[in-house]
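The following note is for a colleague who has not seen this model before. Please read the points with the sequence and the coordinates open.

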Amino acid sequence: MSLIKVNGVAFPNPSSYKVGVMDISKAERNANGRMVIDIIATKVKLEMSWNYLTEQQLSKILTAIKGNTFNVEYLDPRTNSRQTRLFYVGDRQAGMYSYCKGKPLWTDIGFNFIEV
C-alpha cells in the first residue's frame, strides 16, 4: 500500500516522511503587556524525501503535483488513519545521482505539501 496518493495516483513510499501540525495564529500584546493569541486554524505540513527514484517514478510524481492544489491521501499519526485533504506543494528539488546508458538515476528528491 502506498503511503501517499495525490488525486488517486500512488507514489513510491518516501525514504523520509514527517507530519507537522502548524497553528496559524494572530498574536498581540494587550495594554498590560500580556500576550493574547488567537488560533485561526490548524494545518498539516507533510515533509517527504526519496533517496533514489528512476526517471519514470520522478516524472510520475512531478506530473501529479503540477497543479495549484490537489487532494492528498496520507497517514495521519494523530488519528492513526488515512486522511484526505487539500494541499499545495512547496519548492521541489531533485539531484542526479548518475547518468548511465542514457538513463538518469535521481537522488535527494524532496518537497513539502502544505494544507490549504
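1. Leaving aside neighbours within four places in sequence, aspartate 76 is in contact with Ser81, Gln83 and Arg85, where contact means heavy atoms within 4.5 Å. Aspartate 76 lies in strand 5; strands (E, at least two residues) and helices (H or I, at least four) are DSSP runs, numbered from the N terminus. Aspartate 76 has a relative accessible area of 0% and is therefore buried. Buried stands for under 20% relative accessible area, exposed for over 50% and partly exposed for what is in between, with a 1.4 Å probe and protein chains only.

2. A word on the source: this is a predicted model, in which local features need pLDDT of at least 70 and side-chain atom pairs count only at pLDDT 80 or more, while totals for chains, interfaces and linings use all residues. Residues are numbered from 1 along each chain as its sequence is written, and side-chain values use heavy atoms, with hydrogens and water left out.

3. Which residue forms a salt bridge with aspartate 76? The partner is arginine 78, and the closest N and O atoms are 3.1 Å apart. A salt bridge here is a side-chain nitrogen of Lys or Arg within 4 Å of a carboxyl oxygen of Asp or Glu. Arginine 78 has 47% relative accessibility, so this residue counts as partly exposed. By this rule there are four salt bridges.

4. Another of the salt bridges joins the side chains of glutamate 73 and arginine 82, at 2.6 Å from N to O. Both residues are partly exposed: glutamate 73 has a relative accessible area of 24% and arginine 82 one of 26%. In general, side chains of opposite charge can pair when their charged atoms come close.

5. Arginine 85, listed above as a contact of aspartate 76, has a salt bridge with glutamate 115, at 3.4 Å from N to O. Arginine 85 is partly exposed at 23% relative accessible area, whereas glutamate 115 is buried at 13%.

6. The largest nonpolar core has 21 residues, of which Ile4, Phe11 and Phe113 touch the most other members. Such a core is a set of buried Ala, Val, Leu, Ile, Met, Phe, Trp, Tyr and Cys residues joined through side-chain atoms within 4.5 Å. Strand 4, helix 1 (55–64), strand 5 (70–76), strand 6 (81–89) and strand 8 (103–115) each supply at least two residues of this core. Strand 4 gives the largest share, five residues. As background, nonpolar side chains tend to be buried together in soluble globular proteins.

7. How many aromatic pairs are there? The count comes to seven; rings of Phe, Tyr and Trp (its six-membered ring) pair if their centres lie within 6.5 Å, and planes under 30 degrees apart count as stacked, over 60 as edge-to-face and the rest as tilted. The ring centres of tyrosine 74 and phenylalanine 87 are 5.7 Å apart and the planes are at 90 degrees, so this pair is edge-to-face. Tyrosine 74 is in strand 5 and phenylalanine 87 in strand 6, 13 residues apart. Both of these residues are buried.

8. Phenylalanine 87 also pairs with phenylalanine 113: the centres are 6.2 Å apart and the planes at 50 degrees, so the pair is tilted. Phenylalanine 113 is in strand 8, 26 residues from phenylalanine 87. The relative accessible area is 0% for phenylalanine 87, and phenylalanine 113 is buried with 0% too. One aromatic cluster is formed by Phe11, Trp50, Phe70, Tyr74, Phe87, Phe111 and Phe113.

9. Two backbone angles deserve a look. Lysine 101, in the loop between strand 7 (93–100) and strand 8, has a phi near 55 degrees, a positive value in a residue other than glycine. Lysine 101 counts as exposed, at 81% relative accessibility. Aspartate 108 lies in strand 8 and has a positive phi, near 50 degrees. Aspartate 108 is exposed as well, with a relative accessible area of 52%. Most residues other than glycine have a negative phi.
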